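Work through the exercises below with the sequence and the model open side by side. Try each task before reading its solution.

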Amino acid sequence: MRLSTSTNIYFNRPDGTKAPITDSIRFCAEAGYKVMDMNFHDCTTFATDFRTSNWENWLAEIKEATQQNNIGFSQAHAPFYNFCDEQTPDKPYMDELIKRSILCSEQLGVKWLVIHAGTDFSSASMIKDSKRKNIAYFEPLLDFAAQHNVGIAIENLWDLTIAPLRRYTANAEELMDLLDGLPYSNVGACWDFEHAAIMRQDQEKALMLIGDKLKATHVSDHADQNFDHILPFSGITDWHSIMRLLQKLDYKGDFTYEIHRYTERLPIELVPAALKYSVEVGQYLLSLAQKTTGRERE
């Protein structure tokens with residue numbers, strides 16, 4: 001495993017503005033990161049050139065920043081929307097942005113692009129109809145992604161905030177059942193440890209079910225449902241057990257932070273030190289997996 005972080009580790013600023021992706025790349029490189037996750041979803045939530053006809057020039061600036069700072073991208077996060085809802089506005093536009101994220105991922109060398117499944121909230125057979133609609137949606141998308149050497153990693157979700165409604169793929173069983181319905185070599189799972197922790201799932205049993213379909217991770221901690229996406233050891237997650245589990249699975253992908261609340265209130269003067277500390281925490285976490293390996297060999 002390598003330590004990685006989403007570009008959103010430095011994105012939300014205290015005054016409500018959004019930092020340029022190129023600044024995030026530079027700050028992360030200076031802190032010691034070598035690998036990152038490109039969050040395209042963030043780039044759809046406010047005015048960026050990713051959303052315009054100038055997206056190729058925007059991408060060229062990001063590629064130049066990666067070359068100047070010796071940063072690679074192994075994961076990315078696609079834009080997402082509930083494609084199971086026929087009333088969702090701007091569906092063609094959102095589909096265009098998702099395909100654009102695939103084209104950008106190809107240019108950045110991204111191996112796995114993370115995306116959310118949709119949910120058919122209107123159906124009396126939510127699981128059955130959601131699976132059917134997800135398969136219909138993902139099949140052509142996977143074909144398109146394969147043409148551009150990109151894999152699609154579907155993420156486990158959480159749904160406590162919308163109870164008694166629930167989201168499809170908020171547990172490992174549904175996620176794995178969906179993956180089994182998509183017999184493509186370029187499809188897998190992204191496991192979000194915080195989502196699973198909030199849902200109070202047995203993560204060992206869940207990930208043993210996912211098995212070698214695990215291709216990407218989202219790593220963050222939480223104190224409660226309203227204080228989430230923070231640095232590991234800042235919340236209530238048992239990270240020692242998580243690292244033992246990843247070692248047990250012989251996970252080959254990256255250990256990727258998704259901690260956009262970590263620096264969003266920090267003044268710019270404190271950001272470099274905070275990012276360096278996040279690297280120290282990440283390296284400690286990776287060392288736990290290495291120590292587990294050593295004990296098992298004795």
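**Exercise 1. The sheet**

Task: State the strand order of the open sheet and the sense of the pairing.

Solution. 
- Step 1. Eight strands build an open sheet, and the pairing is parallel. Their order is β7-β6-β5-β4-β3-β2-β1-β8. Strands here are DSSP E runs of at least two residues, helices are H or I runs of at least four, and both are numbered from the N terminus. Two strands pair if DSSP finds at least two bridges between them.
- Step 2. Look at the edges. β7 (214–218) and β8 (255–257) each have a single partner strand, so one side of each has no neighbour in the sheet.
- Step 3. From one strand to the next it averages 30°.

This is a predicted model: local features need pLDDT of at least 70, side-chain atom pairs count only at pLDDT 80 or more, and totals for chains, interfaces and linings use all residues. Residues are numbered from 1 along each chain as its sequence is written, and side-chain values use heavy atoms, with hydrogens and water left out.

**Exercise 2. Bridges between strands**

Task: Find how many bridges join β2 to β3, β4 to β5, and β6 to β7.

Solution. 
- Step 1. Strand β2 (residues 35–39) runs parallel to β3, and five bridges join them. Asp 37 has Gln 75 of β3 as its bridge partner. Strand β3 (residues 72–77) has five of its six residues buried. Buried means under 20% relative accessible area, exposed means over 50%, and partly exposed lies in between (1.4 Å probe, protein chains only).
- Step 2. Strand β4 (residues 112–115) pairs with strand β5 (residues 151–155) in the parallel sense, over four bridges. Opposite Ile 115 stands Ile 154 in β5.
- Step 3. β6 and β7 run parallel and are joined by four bridges. Cys 190 has Ala 216 of β7 as its bridge partner.
- Step 4. Check the cover on β7. Four of its five residues are buried. Helix α7 (residues 203–210) lies across β6 (187–192) and β7, and runs at about 170° to β6. Axes are lines fitted to C-alpha atoms, for helices over the stretch in contact, and angles run from 0 to 180 degrees between N-to-C directions.

**Exercise 3. Two packed helices**

Task: Describe how α3 and α4 pack, and list the residues that make the contact.

Solution. 
- Step 1. Pick the two values. Two packed helices are described by the angle between their axes and the distance between the axes.
- Step 2. Helix α3 (residues 91–108) packs on helix α4 (residues 126–147) at about 30°, with the axes 10 Å apart. That angle makes α3 roughly parallel to α4. The cut-offs: under 35 degrees is roughly parallel, over 145 roughly antiparallel, 65 to 115 roughly perpendicular, and the rest oblique.
- Step 3. List the contact, meaning heavy atoms within 4.5 Å. α3 supplies Asp 95, Ile 98, Lys 99, Ile 102 and Leu 103. α4 supplies Tyr 137, Leu 141, Phe 144 and Ala 145.
- Step 4. Now zoom in on Ala 145. Ala 145 is buried, because its relative accessible area is 0%. Beyond its neighbours within four places in sequence, Ala 145 is in contact with Ile 102, Val 150, Ile 152 and Asn 186. Trp 112 is 33 residues from Ala 145 in sequence, yet the C-alpha atoms are 9.9 Å apart.

**Exercise 4. Backbone in the loops**

Task: Is Asn 149 buried or exposed, and what is the phi of Arg 200?

Solution. 
- Step 1. Asn 149 sits in the loop between α4 and β5. Its phi is positive, about 60°, although Asn 149 is not a glycine. With a relative accessible area of 63%, Asn 149 is exposed.
- Step 2. Arg 200 is in the loop between α6 (193–198) and α7. The phi of Arg 200, also not a glycine, is positive and near 55°. Arg 200 counts as exposed, at 78% relative accessibility.
- Step 3. Turn to a peptide bond. From Ala 163 to Pro 164 the bond is cis, with omega near 10°. Pro 164 lies in the loop between β5 and α5 (172–180).

**Exercise 5. A buried loop residue**

Task: Which residues does Tyr 10 touch, leaving out those up to four places away in sequence?

Solution. 
- Step 1. Tyr 10 is in the loop between β1 (3–6) and α1. Its relative accessible area is 6%, so Tyr 10 is buried.
- Step 2. Tyr 10 touches Ala 19, Asp 23, Ser 24, Phe 27, Thr 263, Ile 268 and Val 271.
- Step 3. Follow the chain into helix α1 (residues 21–31). Its buried residues include Ser 24, Ile 25 and Phe 27. The C-alpha atoms of Tyr 10 and Ile 25 are separated by 8.7 Å.
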